[in-house]
Amino acid sequence: MRAIVDMDSKAKGNWGEDIAAQYSSRRGYNVISRNWHCRAGETDLIAYDGATLVFIEVKLRSEDYFQSPEEAITAVKKRRLEKAIHQYLEQLNDDECSWRVDMIAIVITKATGLIYRIDVYQVIFQTDNRR
């Protein structure tokens, strides 16, 4: 297996999602989908936390990156994610399900690629289910 520091952006993203999925599972989430996408946008992970459907955004950054993972969820990203969530809920045919959006921020050391920290932010934003 290649070191994370030698991977291209897509491979790093997949690695980060692997870590986030494992981390979520250890926290008791039931991960049901990865990289779900539609015309409106995409979400990295979809899981259940008990009866609540959770859409998880994964952000991976090195410790010296100019922008923290937390700053990567912009207003534009939120709008795209919200549209994708509504399309996913339409496919479920369940407009009444309880849902939220979480973010898992993974920061790695630049030199070694080792995980420096993992932070979970529950309910980074939430809207009602009205279209």
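A: Start with the order of elements: along the sequence, the protein chain follows the pattern α-β-β-β-α-β-β. That pattern contains 2 helices and 5 strands. Keep in mind that this is a predicted model.

Q: How much of the protein chain is buried?
A: Of the 131 residues in the protein chain, 43% are buried. A residue counts as buried when its relative accessible area is under 20%.

Q: How do I read a helix, and what span does H1 reach?
A: Compare the end-to-end distance with the expected span. Helix H1 covers residues 9-26, 18 residues in total, and its first and last C-alpha atoms are 26 Å apart, close to the 26 Å expected at 1.5 Å a residue. Then look at which residues face inward. The buried ones in H1 are Ala11, Trp15, Gly16, Glu17, Ile19, Ala20, Ala21 and Ser24. Just past the end of H1, glycine 28 has a positive phi of about 100°.

Q: How do I read a strand, and how many residues of E4 are buried?
A: In a regular strand the side chains alternate between the two faces of the sheet. For strand E4 (residues 99-108), 10 of the 10 residues are buried, so E4 is largely enclosed by the rest of the structure. One side of E4 carries Trp99, Val101, Met103, Ala105 and Val107, the other Arg100, Asp102, Ile104, Ile106 and Ile108, and both faces are covered.

Q: Which way do E3 and E4 run, parallel or antiparallel?
A: Strand E3 (residues 52-62) and E4 run parallel and are joined by 10 bridges. As a landmark in this pairing, glutamate 57 stands opposite methionine 103 in E4.

Q: Which parts of the chain does the pair of arginine 34 and glutamate 17 link?
A: The side chains of arginine 34 and glutamate 17 form a salt bridge at 3.7 Å, N to O. This pair links distant parts of the chain, with arginine 34 in strand E1 (residues 30-37) and glutamate 17 in helix H1, 17 residues apart. Glutamate 17 is buried, at 8% relative accessible area, whereas arginine 34 is partly exposed, at 33%.

Q: What does aspartate 18 pair with?
A: Aspartate 18 meets arginine 34 in a salt bridge of 2.5 Å, N to O. Aspartate 18 lies in helix H1 and arginine 34 in strand E1, so this pair ties together parts that are 16 residues apart in sequence. Aspartate 18 is partly exposed, with a relative accessible area of 33%.

Q: Is glutamate 57 buried or exposed?
A: Glutamate 57 counts as buried, at 0% relative accessibility. Its salt bridge partner is lysine 59, with the closest N and O atoms 4.0 Å apart. Lysine 59 is buried too, with a relative accessible area of 15%. Read this pair together with its neighbours in the network of salt bridges that links Glu42, Glu57, Lys59 and Lys77.

Q: Finally, which residues form a nonpolar patch on the surface?
A: Ile32, Tyr48 and Leu92 form such a patch, with about 230 Å² of accessible area together. Of these, isoleucine 32 belongs to strand E1 and counts as partly exposed at 40% relative accessibility.

Conventions. Residues are numbered from 1 along each chain as its sequence is written. This is a predicted model: local features need pLDDT of at least 70, side-chain atom pairs count only at pLDDT 80 or more; totals for chains, interfaces and linings use all residues. Side-chain values use heavy atoms; hydrogens and water are left out. Helices (H or I, at least four residues) and strands (E, at least two) are DSSP runs, numbered from the N terminus. The expected span of a helix is 1.5 Å times one less than its number of residues. Buried means under 20% relative accessible area, exposed over 50%, partly exposed in between (1.4 Å probe, protein chains only). Two strands pair if DSSP finds at least two bridges between them. Patches are made of residues with over 30% relative accessible area and no salt bridge: like charges are joined within 9 Å, nonpolar side chains (Val, Leu, Ile, Met, Phe, Trp, Tyr) within 5 Å. Accessible areas come from the Shrake-Rupley method with a 1.4 Å probe; for residues, only the protein chains shown count as cover.
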